[in-house]
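Thanks, everyone. I'll keep this brief. Let me put the structure up.

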Amino acid sequence: MSWMVGSLRGLIGSMDGFLAQHTRDVKVGNGSDYFASGCIHELHEISNARSLQSQQIMRHTRIISLLLSLGCWGMAANERLAVNDHKAPENRQDLEMIQNAVRTSLPKARAATVCIEIKGGSGSGVIVSPDGLVLTAAHVATGVKQKVTVVLEDGKRLKAETLGLVADRDAAMVRITEKGTYPFVEIDREASTQLGDWVFALGHSGGFDQERGSVVRLGRLVRIADSTFQSDCMVIGGDSGGPLFNLAGNLIAIHSRVGAQMQVNMHVPTAVFMDYWDKMLAAEFIGEGPYAERPVKGNGFLGLATDARPKGGLSVTKVGHGSPAEVAGIRERDVLLKLNQVQLETREQMQDLLKEMSAGDEIILETERGGKPKTFTFNLGER
Amino acid sequence: MNANRIWVIAFAGLIGTVQGQQSLESSYRTTGNAVVAAFEAQRQVLQHSSAVILDGRKETGYGVVISADGYILTKASELPKSGDLAVTVDQTNYHEVKVFAEDLVWDVALLKIDSKDLIPVDYAPTSDVLQGTWVVANGVTSRTTRRLLAGIVSAKSREIPASGGAALGVILKVKSKVPQVEAVQQKSGAEEAGLQKDDVILSVDGKRIEKVTELNDALKDGKVGNLVHLLLRRKGEEVSVDVRLAARAELFTDQMDRNDQMSGDFSTRRSGFPRVLQHDILGSRTVQGGPLLDLDGRCIGMNIARANRSESFAIPVEELKGLAERLMKQAKP
């Protein structure tokens with residue numbers, strides 16, 4: 001019992017935004033609402049109780065089963081395979097230990113690994129809560145509150161939105177906005193990772209491929225610095241934002257960047273995410289570059305010239321060659337009625353609306369062509 | 001391999017020294033000597049049942065020893081063209097090497113050396129193993145000793161369609177409405193079949209072609225390594241030829257995408273395989289063709305392509321056994 005209490009205390013002691021999140025999940029699973037605030041107290045009761053009435057026994061049985069499951073979970077997070085403490089695998093038994101750990105951890109890890117599609121490109125990410133919170137890289141998210149599509153391993157496509165990011169650390173969060181219960185992985189919150197540990201990477205290398213699935217790669221942690229892990233799991237374009245796991249299948253880092261040499265693969269440790277957890281949840285843009293650029297108001301580019309019409313709306317007089325408007329399919333003589341649901345009346349008014357927007361922002365233009373309504377949804381280019 | 005999409009990845013900026021960082025000695029990294037030493041039993045198998053394919057003294061690939069009497073399978077497109085082909089098995093060098101049948105679909109050639117007592121590979125019962133399973137392959141060799149690289153099975157086994165679709169290897173005239181050849185790409189099926197500038201393609205496998213789009217449709221579902229029968233009009237006369245299909249993106253390689261740029265020395269022929277077993281061994285184009293072994297030292301496949309930084313392909317053992325039988329039959333009917 002004591003190790004259980006110990007691990008639980010440790011858990012409560014280090015509770016931050018993330019753990020609160022996780023604890024809530026446990027509560028929901030148990031159908032009760034008192035766990036987070038009451039658990040230490042209840043534990044105290046259990047250890048001191050001499051005679052319990054049947055009602056209390058029932059109540060405590062429920063708590064114990066809950067704690068047991070938590071205990072196991074705590075153990076999984078702490079579990080370090082012996083092979084990690086060998087400088088190199090010494091025999092077949094060591095090799096099989098690595099192999100079995102990867103095989104066992106893989107199904108759950110794979111189910112939580114997603115492809116993130118954004119603005120014609122794609123990266124990867126990993127779900128860390130049953131309600132669809134996803135960790136990824138800042139250079140995949142590119143900005144806050146951007147609409148993206150999350151693709152699960154089975155090909156299911158889900159609407160999602162980027163939350164906050166840390167621009168100088170390459171960390172970002174995405175939230176699946178469709179209601180559901182999603183497969184997720186645990187974060188290694190003990191920061192138990194050590195140099196030389198065996199790790200495996202998952203990600204949608206080169207983009208989503210249903211026939212193939214996400215690709216797993218095995219390697220070791222070969223360099224540890226404050227805000228970066230380096231492994232020799234070879235990652236490539238499309239893997240960015242994907243997860244790096246320890247052998248227990250707990251998330252330890254997110255893929256960020258590579259060197260020209262195959263063995264140079266850099267990942268952002270989950271500790272960086274922990275440091276900024278609440279701000280990221282609140283969709284804040286944190287830090288300055290190089291992995292994401294803060295949006296600049298008024299640098300959005302549409303590529304249209306218009307004239308106001310007496311009957312209301314703006315008539316398109318010219319469409320710039322190769323402009324976002326042309327690519328979206330807008331033509332001369334189309335009539336623009338609404339921009340992001342605001343009725344259009346004058347050119348100046350439309351320019352004022354655009355001045356408040358930035359490159360990459362989504363624009364919804366409701367138009368009329370030959371009397372028929374037509375809606376265009378696309379992203380502004382950069383001026 | 002969708003070539004049309006833009007992949008998101010950041011290149012490392014500064015990977016200089018950071019204060020307080022710890023670094024693992026190279027010997028203990030996944031490809032390091034200390035780690036590789038744990039696979040000595042599998043290395044022994046590579047020592048006697050894999051062949052080093054040489055162009056003079058330069059290694060160009062590896063081979064799978066499939067019979068005691070000297071038959072070896074290797075990757076066809078990496079065979080030396082110079083005529084200075086040599087083979088090393090264990091520590092013996094063979095300079096008399098015959099190239100028998102080739103299978104263009106799988107890109108496999110059957111070689112024969114003069115020997116009676118080689119140790120052929122022991123085939124694994126199946127390639128259908130769990131992802132995460134260890135596999136071992138040839139790494140760059142020293143003159144007498146095979147070295148190895150280890151990795152894991154890393155994705156679902158599947159077909160790898162022709163990258164960019166199947167193609168003949170011709171550039172068509174832009175202004176012509178009918179498909180008329182402007183230029184013939186080097187090392188293509190079209191070049192081998194002797195296609196010439198100004199040839200007009202009249203039909204593909206008996207199907208009449210009148211427009212360029214119809215030619216594209218006729219080739220769309222073609223498989224790499226298969227032959228198509230063309231009827232041509234050349235200087236007023238009709239000529240018929242058989243042309244080997246290849247992957248468009250592998251014929252016209254002037255544009256490397258970003259992922260290719262970070263993939264080092266990948267295989268030229270890396271798509272258009274009916275089925276592959278995927279693994280994550282850090283290979284290169286010059287270490288293909290050898291056996292892929294499991295921890296029991298059994299041959300679970302044959303390495304056929306280093307596709308990119310994170311993907312390596314092997315012919316699964318089921319197909320490999322069929323291929324070996326078929327090519328052996330062609331060699332000694």
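Predicted model: local features only at pLDDT ≥ 70, side-chain atom pairs only at ≥ 80, totals over all residues.

Start with the core. The largest nonpolar core has 92 residues. Two residues have the most contacts inside it: Leu135(A) and Trp134(B). Which helix gives the most to this core? Helix H5 of chain A, residues 92-112, with seven residues.

Now look at Trp134(B). I'm leaving aside its neighbours within four places in sequence. In chain A, Trp134(B) is in contact with Leu95(A), Ile98(A), Gln99(A), Trp198(A) and Leu218(A). In chain B, its contacts include Phe39(B), Ala150(B), Gly151(B) and Ile152(B). Leu293(B), Asp294(B) and Leu295(B) also touch Trp134(B).

Next, the sheet. Four strands of chain B form an open sheet, in the order S18-S17-S19-S20. The pairing is antiparallel. Which strands stand at the edges? S18, residues 207-208, and S20, residues 237-244, both of chain B. Each has a single partner strand, so one side of each is left without a neighbour in the sheet.

Strand S17 of chain B, residues 200-204, is joined to S18(B) by two bridges. One pairs Ser203(B) with Arg208(B) in S18(B).

There is a helix here too. Helix H4 of chain B, residues 212-220, lies across S17, S18 and S19 of chain B. H4 runs at about 40 degrees to S17(B).

Last, the domains of chain B. The assignment gives domain 1 as 26-159 + 288-331, and domain 2 as 166-251. How far apart are their C-alpha centres? They lie 35 Å apart.

Note on methods: Residues numbered from 1 in each chain as written. Chains lettered and ligands numbered in written order. Heavy atoms only, no water. Core = buried A, V, L, I, M, F, W, Y, C linked by side-chain atoms within 4.5 Å. Buried < 20%, exposed > 50% of the residue type's maximum accessible area, 1.4 Å probe, protein only. Contact = heavy atoms within 4.5 Å. Pairing = 2+ DSSP bridges. Axes fitted to C-alpha atoms, helices over the stretch in contact; angles between N-to-C directions. Domains from an automatic or database assignment.
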